[in-house]
Amino acid sequence: MQVDIKRIKLRKRVRKDPGDIEGLADSMSRFGQLHPLVVTKRYVLVSGRRRLEAAKSLGWTTIEAITLSGRSKAQLLELELDENIYRSQLTRDEIEEAAARLERLRNPGFFARIWNSICAFFKRLFSAED
């Protein structure tokens, strides 16, 4: 559900400094919000502070959120910890491989461009018959 950003309350957080959110804000501007925040029924933020700060920096007035109810304070803290601990950074090799793949997709070679043109031609040809 969409939640008015002004309604979201921040209480004591495990992560003190959200760090540089410029990259996240750029991503959210380009691709939208990929993961919702988690808030309590009283709109206390459980997880997603960096997404919230990025949305604020973009001037958004609402943000997608999931509402939890019936959780103890200990469970809410566990959820906050879970989101921040159990993620794995990409390795240097994984980042380099992904960057190379992206480069090939953005700038296909000569034969790839010819093949893409042939495929597009036949797509248009057969979709015109429908």
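**Ground rules.** I count residues from 1 along each chain as its sequence is written, and I leave hydrogens and water out, using heavy atoms for side-chain values. As the model is predicted, I ask pLDDT of at least 70 for local features and 80 or more for side-chain atom pairs, while totals for chains, interfaces and linings use all residues.

**Sheet.** I looked up the strand order first. Helices (H or I, at least four residues) and strands (E, at least two) are DSSP runs, numbered from the N terminus. I found an open sheet of four strands in the order β1-β4-β2-β3, with mixed pairing; two strands pair if DSSP finds at least two bridges between them. At the edges I noted β1 (2–4) and β3 (45–47), each pairing on one side only. From one strand to the next the twist averages 55°. Axes here are lines fitted to C-alpha atoms, for helices over the stretch in contact, and angles run from 0 to 180 degrees between N-to-C directions.

I then checked β2 (residues 37–40), which pairs with β3 in the antiparallel sense over two bridges. V38 has S47 in β3 as its bridge partner.

**Helix α2.** I traced α2 (residues 49–57) across β2, β3 and β4 (62–68), at about 115° to β3. Helix α3 (residues 73–85) also packs on the sheet and touches β2, β3 and β4, its direction making about 40° with that of β3. Contact means heavy atoms within 4.5 Å.

Which residues of α2 are buried? I listed R49, R51, L52, E53, A54 and A55. Buried means under 20% relative accessible area, exposed over 50%, and partly exposed in between (1.4 Å probe, protein chains only). The buried residues of α2 pack against α1 (22–31), β2, β3, β4 and α3. Just after α2, I noted G59 with a positive phi of about 85°.

**Core.** The largest nonpolar core has 14 residues, and I8, L37, V39, L45, L52 and I63 touch the most other members. Such a core is a set of buried Ala, Val, Leu, Ile, Met, Phe, Trp, Tyr and Cys residues joined through side-chain atoms within 4.5 Å. I saw that α2 gives the most to this core, with three residues.

**R13.** I found R13 in the loop between β1 and α1. Is R13 buried or exposed? R13 counts as buried because its relative accessibility is 12%. Not counting residues up to four places away in sequence, R13 touches L45, V46, S47, R49 and E80. A polar atom of the R13 side chain lies 3.3 Å from the backbone oxygen of V46.

Key. Polar contact = N/O pair within 3.5 Å; in protein donor to acceptor, adjacent residues only side chain to side chain.
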